[in-house]
Amino acid sequence: MSNAPECAVEIPAPDEEAVKPWRKRLTGLDESQPGAMSCEGDWLEAGATYQMPVGALIVLCDPLPGGARKRVRIWRVKKDGTVKEERDSTLGSSNAFGTSVRGTLRRLISQHPPQKGAVRQTTAAAPRVNERDGTCSQCRQPIAARAGILERNHRGYMDPRHRPGQCPPPPPRTNDYAQACGLCGGWLEAGLGLLYTAVPALGVYSKPLIKARHAQDCPPPEERISPPPPAPRANAREQDCRRCGNPVPAGAGLLERYGAAWEVRHPDGACPPKEELWEITRGEPGRFHPRPERWAAPGTVLRSTVYDHDRPFPKDSPGLRRLRRGEVSAIVATVRERAPEYCRDEDGNNPGCLIGEDGWFFTILVRPATPEEAADLLAEEDTAHRRAALAEQRRQLFEHADDGEIPDTADLAGTVQIDFGARRSLHQHWPDDELHVDEESGSAWFLRYNGADGDTWSGENPPRGGGGRAAGGGGAAGAAPPPPRARGQ
């Protein structure tokens, strides 16, 4: 609070021909703002009396008719309670608060720094009469010229309003939308009823509940109009029909309530024949993201497990294999994908592929692949099957050969090592099995590491050797101690 002495200052009335005059106690100067907006401070009412500290600066502006010129006065409060007029000039509208006036304001502020705190109004100014028709700022109803008063708003502009206690009651409002009467439930078309406040606002930030009612007394029950059935809503995006399962383009179907969700269906009698499609599912664990990646684009050919409890899968489908009752493995082609669903594992009710994890659950509609579509995949499966059969045959031939013998020496010179799908050792530090072929002698050597348990290191450590069995080609075989790959025990 300021300790500077205060004086009572009466704010003078505006000039007789002034248009939208204003007065302000100057507390600062914002050079970045244009025109009169550069003057910062408290608005003052003409004709009122205020308690102001000594040295306070007052800016008075009286625009002349036409808006081309303005009279600007700058006053300073003196110690004896009088005011000194520091400036009185009438300038063009663009120069009224231009370089010259701002220089004077800047100088006075530096010589007489503004005191903190708002000014105190001791006597009120006589209310100004509104000279033009307008809208009351309190009740928002029309007000005729000279029928009300002017009141300054928080932005500094003068708004017309009715005199205190003279605002008329608000006129009844007609309902702009057809709705049921809030009193009797009868149907009211748009414009036939009146709006009323059914529930008032209960808090500062709440809103009242507005409903419609009959303009006069509500009619008896037998004369009330029943509300019409709700108009059907069209689907805004493409979805599968709840009845037939076929896709419904956006805007071509109807939305209807089904349980707790809205489902889409074709109009009555417009469902096309049901497609012979089956469902396959897949789970993709991971965090939620608004647009999950598509799992299988339409036309993708793949082998998948299909459940055919309700509808048997065609027996002539390419690559069909019966796994168990109600479950087959077949080559299918994807048709379309249903909207994916993000599942959160909160109580263990996720699909089987997402038990214990959060992730996206995909449902894809598929059909049996044609022989042409399945040809490449069948060829790949046949090649993989034949390779597996050959690898197993080689393992059976060399790993469990009954006619092979252990020769005295393992001469691997001139042999070529063959990749035969060796079975990897369960011990990570043990080498894998090897197969060496000597085409010149017609012999094949199979080497398996035996850990060198009980072997003699000096006699079982050739430059290149491996513990195991050597089987001679064409049934010929010799016997020899198995040379180990690691130091013996």
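## Stop one: the largest pocket

The lining of the largest pocket holds 18 nonpolar, eight polar and 13 charged residues. Here nonpolar covers Ala, Val, Leu, Ile, Met, Phe, Trp, Tyr, Cys and Pro, charged covers Asp, Glu, Lys and Arg, and polar takes the others, Gly among them. Before you click further: this is a predicted model, where local features need pLDDT of at least 70 and side-chain atom pairs count only at pLDDT 80 or more, while totals for chains, interfaces and linings use all residues. Residues are numbered from 1 along each chain as its sequence is written, and side-chain values use heavy atoms, with hydrogens and water left out.

Select Lys20, Pro21, Gly156, Tyr157 and Met158: of the 39 lining residues, these lie nearest the centre of the largest pocket. A pocket, on a 1 Å grid over the protein atoms alone, is an open set of points where a 1.4 Å probe fits, with protein on both sides within 12 Å along at least five of seven lines; lining residues have an atom within 4 Å of a point. The volume is about 1200 Å³, taken as the space filled by probe spheres set on the points, which are joined across faces, edges and corners.

Now colour by element. Strand 13 (158-161) is among those giving two or more residues to this lining, as are strand 2 (22-29) and strand 3 (39-44). The largest share, three residues, comes from strand 13. Strands here are DSSP runs of E, at least two residues long, and helices are runs of H or I, at least four, numbered from the N terminus.

## Stop two: the second largest pocket

Next, which residues are closest to the centre of the second largest pocket? Pick Gln239, Asp240, Arg338, Ala339 and Pro340, from a lining of 20. The volume here is about 670 Å³. Strand 22 (261-265) is one of the elements supplying at least two lining residues, and with four residues strand 22 gives the most. By class, the lining has nine nonpolar, two polar and nine charged residues.

## Stop three: the aromatic rings

The chain has six aromatic pairs, counting rings of Phe, Tyr and Trp (its six-membered ring) with centres within 6.5 Å; planes under 30 degrees apart are stacked, over 60 edge-to-face and the rest tilted.

Zoom in on Phe288 and Tyr342: the ring centres are 5.2 Å apart and the planes sit at 80°, so this pair is edge-to-face. Phe288 is in the loop between strand 23 (278-285) and strand 24 (301-307) and Tyr342 is in strand 27 (341-343), so the pair ties together parts 54 residues apart in sequence.

Trp360 belongs to strand 28, 72 residues away from Phe288.

Buried or exposed, where does Trp360 fall? Trp360 is buried at 8% relative accessibility, Tyr342 is buried too at 16%, and Phe288 is partly exposed at 46%. The cut-offs are under 20% for buried, over 50% for exposed and in between for partly exposed (1.4 Å probe, protein chains only).

One more selection: Trp22, Trp43 and Phe97, which ring pairs link into a cluster.

## Last stop: zoom out

Show the whole chain, with its two helices and 32 strands. Of its 489 residues, 32% are buried.
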